[in-house]
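Visitor: Please show me the structure, and then I will ask about a few places in it.

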Amino acid sequence: QVQLVESGGGLVQAGGSLRLSCVASRSIFSINIMGWHRQAPGKQRELVASLTSNRAWYADSVKGRFTISRDNAKNTVYLQMNDLKPEDTAAYYCNAVDYSSSGRQSSWGQGTQVTVSS
């Protein structure tokens, strides 16, 4: 497995921006899927963006506002969040999914809180 540490959360006004970072304990070059999930109080955790080697995917609720990217040299995945809305308020978690001969391995970070005020 890989250890993941998120940072970059905070309090921001609606319409503002934040950039989340997820630093991995080892190279992310070969990790199959890197993703960002979020969980608001009383709600299920949901996937908001994911990145494979050649494709990014976004939930409809964030499409056009959020951008996921990676810097393999820094073992880091980013989530740039623009035009934030109060409904984006949640704890955001980084996730790494790797498929190998051992099967599917999923690793999670501890989460970073994003709060958007209206």
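Visitor: Which residues line the largest cavity?
Guide: This is a predicted model, and a search of the whole structure finds one cavity of 30 Å³ or more. About 40 Å³ of space lies in the largest cavity. Its lining consists of Gln-1, Val-2, Arg-26, Ala-96, Asp-98, Gln-105, Ser-106 and Ser-107.

Visitor: Which strand gives the most to the lining of the largest cavity?
Guide: Two strands, strand 9 and strand 10 (103-108), each supply at least two residues of that lining. By class, the lining has two nonpolar, four polar and two charged residues. The strand that gives the most, with three residues, is strand 10.

Visitor: How many residues apart are Cys-22 and Cys-94?
Guide: The structure holds one disulfide, and Cys-22 and Cys-94 form it, with their sulfur atoms 2.1 Å apart. The pair links distant parts of the chain, with Cys-22 in strand 3 (residues 18-24) and Cys-94 in strand 9 (residues 90-100).

Visitor: Is the disulfide of Cys-22 and Cys-94 left-handed or right-handed?
Guide: A disulfide is a covalent bond between the sulfur atoms of two cysteines. The torsion about the S-S bond of Cys-22 and Cys-94 is about -80°, so this disulfide is left-handed.

Visitor: Is Cys-94 buried or exposed?
Guide: Buried means under 20% relative accessible area. Cys-94 has a relative accessible area of 0%, so the word for Cys-94 is buried.

Visitor: How far apart in space are Ala-14 and Pro-86, C-alpha to C-alpha?
Guide: Ala-14 lies in the loop between strand 2 (10-13) and strand 3, and at 40% relative accessibility Ala-14 counts as partly exposed. Leaving aside neighbours within four places in sequence, Ala-14 is in contact with Leu-84, Pro-86, Val-116, Ser-117 and Ser-118. Ala-14 and Pro-86 are 72 residues apart in sequence, but in space their C-alpha atoms are separated by 6.3 Å.

Visitor: Which residue has the backbone nitrogen that the side chain of Thr-112 reaches?
Guide: Thr-112 lies in strand 11 (residues 112-117) and, at 10% relative accessibility, counts as buried. Not counting residues up to four places away in sequence, Thr-112 touches Glu-6, Ser-7, Gly-8, Gly-9, Leu-20, Ala-90, Ala-91 and Tyr-92. At 3.1 Å, the side chain of Thr-112 reaches the backbone nitrogen of Gly-9.

Terms used: Residues are numbered from 1 along each chain as its sequence is written. This is a predicted model: local features need pLDDT of at least 70, side-chain atom pairs count only at pLDDT 80 or more; totals for chains, interfaces and linings use all residues. Side-chain values use heavy atoms; hydrogens and water are left out. A disulfide is a pair of cysteine sulfur atoms within 2.5 Å. Helices (H or I, at least four residues) and strands (E, at least two) are DSSP runs, numbered from the N terminus. Buried means under 20% relative accessible area, exposed over 50%, partly exposed in between (1.4 Å probe, protein chains only). Contact means heavy atoms within 4.5 Å. A polar contact is a pair of N or O atoms within 3.5 Å; within protein, one must be able to donate a hydrogen and the other to accept it, and residues adjacent in sequence count only if both atoms are side-chain atoms. On a 1 Å grid over the protein atoms alone, a cavity is a set of points where a 1.4 Å probe fits but cannot get out, and a pocket is an open set with protein on both sides within 12 Å along at least five of seven lines; lining residues have an atom within 4 Å of a point. Grid points are joined across faces, edges and corners, and a volume is the space filled by probe spheres set on the points. Ala, Val, Leu, Ile, Met, Phe, Trp, Tyr, Cys and Pro count as nonpolar, Asp, Glu, Lys and Arg as charged, and the others, Gly among them, as polar.
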